[in-house]
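This briefing covers how two chains meet and how two single residues are placed. Look at the sequence and the structure before reading the points.

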Amino acid sequence: MARAATTADAFNAVAEPRRRQILDLLAGGERPVNDLVRLLGLAQPQVSKHLRVLREVGAVDVREEGRQRLYSLNGPALKPIHDWVKAYERLWTERFDALDLVLDELGRKEEDDEHHE
Amino acid sequence: MSTTSSHSATVTLPSDEEILITREFDAPKHLVYRAYTEPELVRQWWHARRGTMTVVEIDLRVGGDWRYAMVADGGQEVAFHGTYREIVPDERLVTTEIFEGAPAPEPGQEVIDTATFAEVDGRTRLTLLVACPSREVRDMIVASGMEDGLQDALDLLDELTVTLR
């Protein structure tokens, strides 16, 4: 069950809309906190709080450069979430693949009916 | 017409309480709607090739109930039911969805499914919006895709190949 808990933790961290916004911004490359504060229009303490949560689940990395703290995205940590959604997506893909067959048959029947009219 | 063409369903999480599933079909929308609402047809696809349908009941009217049950290949029974809230033939279906393996939700706390059928050039885009009462319920539903042992195995294999790269 350890795996499920890890996934849930990371998922909860990432599910928050503001934190998703931060991840979107970091997807474009490494950024200092000030950048994020300006782009998000939030107060610095709020941004720092979100960054702390993301760091705790390993979704972002931080490094010091001079007086700046630079944040970047940690792709592999986000993979469990990606997988989580993917497995659900696969369920629907399989379900709809089966639906395709039903539709093929309905389409053929409809054509037959038209020929008979 | 090819019967093996496999298009992926796309799943996104537009908000903390929602799941959005989209898929296009090579068929006009009145056929997709039929396949979605006639019990003999639902019986042929809803199982996702993961088991056998045992119950498909559809009372297609506002206030009418539906119930689907299947026995998965692993032996476990899975059942859902709900009530139709809005029906626009060939266009839109809104229904509640209740998973019978969990405690019954309080009134107003049900999951609401909205299926929309949109046709362009003889093809149909099906959009299924799953609106949940909370993020926890949403996450649980997404996690249900993981229940299948085979899928878990495939995921592990997936992870392994990424590690090996």
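Helices (H or I, at least four residues) and strands (E, at least two) are DSSP runs, numbered from the N terminus. This is a predicted model, in which local features need pLDDT of at least 70, side-chain atom pairs count only at pLDDT 80 or more, and totals for chains, interfaces and linings use all residues. Residues are numbered from 1 along each chain as its sequence is written, while chains are lettered from A and ligands numbered from 1 in the order in which they are written.

**A residue in chain B**
- Val120(B) belongs to strand β7 of chain B, which covers residues 111-120.
- Val120(B) is exposed because it has 9 other C-beta atoms within 10 Å (buried means 20 or more, exposed 12 or fewer, partly exposed in between, with C-beta atoms placed from the backbone).
- Pro28(B) is 92 residues from Val120(B) along the chain, and their C-alpha atoms are 8.3 Å apart.

**A residue in chain A**
- Leu23(A) is part of helix α2 (residues 17-27) of chain A.
- With 18 other C-beta atoms within 10 Å, Leu23(A) is partly exposed.
- Between the C-alpha atoms of Leu23(A) and Ser72(A) there are 8.6 Å, although 49 residues separate them along the chain.

**Where the chains meet**
- In chain A, 27 residues are in contact with 33 residues of chain B (contact means that C-beta atoms, placed from the backbone, lie within 7 Å).
- On the side of chain A that touches chain B, α1 (2-15) and α5 (75-116) of chain A are the elements giving two or more residues.
- The most comes from α5(A), with 23 residues.

Conventions. Contact = placed C-beta atoms within 7 Å.
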